[in-house]
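Subject: Structure handover

Hello,

Here is the structure I promised to pass on. Please open it and keep it in view while you read my notes below.

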Amino acid sequence: MNIPLSAFGNRILRRIPVLLIAGVLAAIGASFFQAQSPPSYRATASVLVGPSHTDPQMAEDPAPGFTAAEAQLSRQLVETYVDLIESQSVARIVAERLDLDPQSLTGTIDAYQRSDSLIIPIHVDHRDPDMAVKISQEVVEATRQRAIEILRIDHLTQVDMPTRASLRSPTRSYALALGAAAGILLSMLIVSFIPTKPESIGDV
């Protein structure tokens, strides 16, 4: 059954107190949930996949230029480096250096290839902001170490290294606003399906 827009608007107006109560309750619930959840912080490092640091030409000339062949090879190596950054072997090296449980790093390190860019962003999420920064720094060094050990290559150059981590989990004010909006929208949806008594002739 189709409900005229004016009738739907009248329903909403008659139930404004219910909507407000639902919004307040949802906001309180969202705020409580946010308070119970541990905060999460993110540190972001970035590396460049470029010419090999072990190339004899690099020793003679630190900036010999970037040839088309080297650019093509670097693009092919980006995905390999992304997989290596997220590998368990790198996580074990990082955990050993920072005296952490390797299992605690599961899901905390995220690297990805951004279109055709040779720069790889590395995100590290952790409940301790200082530890997030330390992990991101060690990930870069551990990745270079494993690439040299496994592939006998060293094409990684540090671009950005974080000095502090940013809060990633929602703030209390954001949780309140989101909870209130969700509560009101849900109440409006429920109200739209609640049948109302037909208006009498005297009310028209």
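At roughly what angle do the axes of helix α5 and helix α6 cross, and within what distance do they come? The model is predicted, so please read every value here as computed from it. The axes cross at roughly 125 degrees. They come within 9 Å. Helix α5 covers residues 88-98, and helix α6 covers residues 129-150.

Why do we call α5 oblique to α6? Angles of 65 to 115 degrees count as roughly perpendicular, and those over 145 as roughly antiparallel. The crossing is at roughly 125 degrees, so α5 is oblique to α6. The crossing of α5 past α6 is right-handed.

Now look at the residues that touch. From α5 come S89, V90, I93, V94, R97 and L98. From α6, the contact takes in M131, K134, I135, E138, V139, E141, A142, T143, Q145 and R146. By type, the residues of this contact split into 8 nonpolar, 5 charged and 3 polar.

Next, the whole chain. It has 7 helices and 5 strands. Starting at the N terminus, their order is α-α-β-α-α-α-β-β-α-β-β-α. The chain has 204 residues, and 33% of them count as buried. Its accessible surface is about 12800 Å². Carbon and sulfur atoms hold 59% of that surface.

Best wishes

How values were computed. Residues are numbered from 1 along each chain as its sequence is written. This is a predicted model: local features need pLDDT of at least 70, side-chain atom pairs count only at pLDDT 80 or more; totals for chains, interfaces and linings use all residues. Side-chain values use heavy atoms; hydrogens and water are left out. Helices (H or I, at least four residues) and strands (E, at least two) are DSSP runs, numbered from the N terminus. Buried means under 20% relative accessible area, exposed over 50%, partly exposed in between (1.4 Å probe, protein chains only). Accessible areas come from the Shrake-Rupley method with a 1.4 Å probe; for residues, only the protein chains shown count as cover. Axes are lines fitted to C-alpha atoms, for helices over the stretch in contact, and angles run from 0 to 180 degrees between N-to-C directions. Angles under 35 degrees count as roughly parallel, over 145 as roughly antiparallel, 65 to 115 as roughly perpendicular and the rest as oblique. A crossing is left-handed if the near helix is turned anticlockwise from the far one by less than a right angle, and right-handed if clockwise. Contact means heavy atoms within 4.5 Å. Ala, Val, Leu, Ile, Met, Phe, Trp, Tyr, Cys and Pro count as nonpolar, Asp, Glu, Lys and Arg as charged, and the others, Gly among them, as polar.
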